[in-house]
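Student: I have a model to look at. Can we go through the terms one by one?

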Amino acid sequence: MVLDLQGLTKHFGGVRAVDGIDLHVARSEILGLIGPNGSGKSTIINLICGLFPLTAGRVVFDGADISNQPTHARVTLGIARTFQNIRLFGQLTVWQNLWVAQNSGEQRNQNFFWRWLGGSRGAREEIDRTLELFGLSHKRDELAGNLAFGEQRRLEFARALSAKPTLLLLDEPAAGMNAEEIDELDIRIRNLRRDGITVLLIEHHVELVMSVADRIAVLNFGQKIAEGTPIAVQADPEVRAAYLGTAAAA
Amino acid sequence: MDFYLGLLQIIGVHTILGLSAYCVLLTGQVSLAQAGFFAIGAYVAGMLTVLAQWPVIPALGASAVVAGAIACAVGFPALRVKGLMLVVATIAFGEAVRLFFFNFTYQVQAGHLMLGPHGAEGFRQIRYFPEHGWTTLDVMLFIWAVVALVMAAIWWLDRSRAGAVLRAVGEDEFAAQSSGINITAVKVSAMTIGGVIAGIGGGIFAHYTTHIEHVQFGVVLATFAVAYPILGGLSSVFGTLLAVIFIQGFLIEGLRFMGDWRNLLFGALIVLAMNVRPRGLLDAGTVLALKRLIVSRKD
Amino acid sequence: MGPSPAVHRLAVSRSSVLTSAAIDVEFLDLIDAVQSVADGVLFGATYALLGIGFTLVFGVMHKINLSYAAASIGAAYASLLILAVIKAPPILVFLMAAAAGGVAGGLVYLIGFKFIPFANPLATLMSTVGLLLLIDEIIVHTTAGVPLNYPALYSDVIVRVGAFNLRGDLMFIFALCCVCMVALLLLLYRTRLGLATRAVSQQPTASELCGISITRVNVLTFVITGVVGGVAGAMTGAAIGILSPLLSLPLTVKGLIVTVVGGLGSIPGAIMAGLVVGGLENLFQFFRGVSERDLYIMLLLFVFLVFRPGGFFAMPAGRD
């Protein structure tokens, strides 16, 4: 098990955004996380990353309890994420966006200051390779804020991968994409599994999730209401009620 | 001739002050505490050369270390306050430093003179340069050697991953954290570096003016410190230098003939500049364009 | 046989007089201290108004208008113009200051805020600094730097409450500031304009989609805070007795302190903080004199920010 969420809970004042969630993701698995808006999906990602403090529960990663680790430490351990509304460093170039996120094996061993200066040849070649993989080489020195939307999404994905994660959290990566771009995304996500990366995928785009995920968990009002293979989940009456209303489920 | 040398000295020292704010501003922290670190550097260096007979360069080193250490100490509580609250907190710190020196007296008898800081009267007789035969030209060259050194250091930092990391933190802390950046370490380091640079600048300032007092290190100086990098643009150290030359050279000195109207123009020009070019003289687009121009010229 | 009972009784009563005299001296010190604080709290109402102005602009635009205190003093100066024309009663002068403040507020918005991109807070910060310098220079130019007398009301009235003296002019200032605060709160919470202002501060884009003109709301916010600032400037002049361009910088710093201590964006916080800062200022002055007074205020603020960065009433943290 790469990721084990135990009793994950987050309250914002009176709002129970996430309410006692138990979830686990196996190595090289792609777990889809779906649910109506406001069901707590993005909050779960923020909790796994440590951007929000937990109200209760534990986050166990690769067997170690990381619930009290700061966000950057979790990234060094191997967790990376993308953001639902793209959060690139708009004033930095495409190349610099990848550079700051770079987290290669050699860097994990370097101390703080040396990582800061990070300019080894191998590191630079790695960034160039990533740029090529994502079709962004020609925009290498362009400010990230000036890219087209599709390019920005690709850069966001590339930046997350620069951190060399074992677990990748994708927060609605297909939002705003056309059919062609979604097909491309489908292939990229499958390639992740081939490369041994575990994926937690939040998505509204049902076809993509059904196509790519090994298992799916469904959230509603901060609680898990179903979990299983895509087909099983599709047939679950409670899931249908959550999405379509009780009349449709009947 | 001495007048122009004096002007170059002022421009040099103010550039160092501006550069100290530049580093901190990159991380998104608007710090009006730089004048405070400047003051600390001034008094420490002055006291070391006057009261303890240190040579000037080790004294500057010591003022850099002391100012840097205090900046580091300030950097940690500064993490707890964001954005505009930080502006107020740093104003308060700067004013506290100024008021401390307003009340600070430590005098030593030397012959028939009393030397050392003397409360509201300030610290007079910081005469290391004249006593050791430095001419105005020597001092000016020394100042600009330091300016060149500091600018080179920051320019190099800017090109390295550290520069991109600083700017990433300044732009989006959540995204920076999620990319594996330790924002606490980055922000405190930036504040410390700013303190070190300001300390050096203050030490030099004390020696070339030979007389420092608390009034000089108030909110106005603190505002100038951040004004230079903001007006010059945060995309390049040269922007800060340009801004200092423009403000000190052109506005304050060059428009002397305008008499009192000069000050009015000063405020109006700042307002106009921010409306017309909000990202400063040398913004990211301009810097990229200049780079491309230089590269294409080389071919 | 010992001293006669009469002598003995005299000795006892003399010592008790001496002891009660000692207690009287301490009691007097305490009264003086409380008197100081009371005066300070009354004067603190002006700080509260300044704090409200800063905090309201921050709440709506998420930016700080550093020229606010200078504009307020400027409005007070402008109100003196009316005295050059007719021998007006002080109340009219105060009203004129309020009106001038409103005009100044609108102008500040136009040249300092309207045309600068929303996403660039540094540029706005600098432009307000430029405005601060500009306003100060205009004042210095037109008055040749000479401090001017400012009218006050009830300055010769002193009300005795037990062992305390309450200055009539300070009480009037306090009362006028309170009237101003109540009027502002009514405006914000009982009128449609107030509702629109609060909507824009929370969700500018959505507000625009609901048909609220952001520009109009912003202009009106600046005009209203300008009016409040004009009153604050006038009251400061009335309390101190003179106006001087040297006032704008210390008032800016105090106003910012009040805003932050009260909690950015919170009006009740600014009110409370203004009174607290006013009282504490005088208390520090009473114990340690003028030269050290401000040092303690600054340190207090710094410490306060470290342990309670949100101020008295912080804006509640959102989900993102």
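**Contacts, domains and a sheet**

Tutor: This is a predicted model. Start where two chains meet: 38 residues of chain C and 35 residues of chain B make up the contact.

Student: What makes a residue pair count as a contact?

Tutor: The C-beta atoms, placed from the backbone, must lie within 7 Å. Helices H3 (90-112), H4 (121-143), H9 (248-262) and H11 (290-307) of chain C each give at least two residues to the side that touches chain B. H4(C) gives the most, with 13 residues.

Student: Which classes do the residues of that side of chain C fall into?

Tutor: The side of chain C that touches chain B has 29 nonpolar, six polar and three charged residues. Gly counts as polar here, so any Gly belongs with the polar ones.

Student: How is chain A divided?

Tutor: Domain 1 of chain A covers 1-78 + 167-179 + 199-250, and domain 2 covers 87-164. Six residues of domain 1 touch seven residues of domain 2 in chain A. On the domain 1 side, four are nonpolar, two are polar and none is charged.

Student: Why are strands E1 (residues 3-12) and E4 (residues 56-61) of chain A called a pair?

Tutor: Pairing needs at least two bridges. E1(A) and E4(A) have five, so they pair, in the antiparallel sense. In E4(A), Val59(A) is the bridge partner of Leu5(A).

Student: What makes E2 (15-25) and E5 (64-65) of chain A edge strands?

Tutor: The open sheet of chain A runs E2-E1-E4-E5, with antiparallel pairing. E2(A) and E5(A) each pair on one side only. Helix H1 (residues 41-49) of chain A packs on this sheet, touching E1, E2 and E4 of chain A.

Terms used
Residues are numbered from 1 along each chain as its sequence is written. Chains are lettered from A and ligands numbered from 1 in the order in which they are written. This is a predicted model: local features need pLDDT of at least 70, side-chain atom pairs count only at pLDDT 80 or more; totals for chains, interfaces and linings use all residues. Helices (H or I, at least four residues) and strands (E, at least two) are DSSP runs, numbered from the N terminus. Domain bounds come from an automatic or database domain assignment. Axes are lines fitted to C-alpha atoms, for helices over the stretch in contact, and angles run from 0 to 180 degrees between N-to-C directions.
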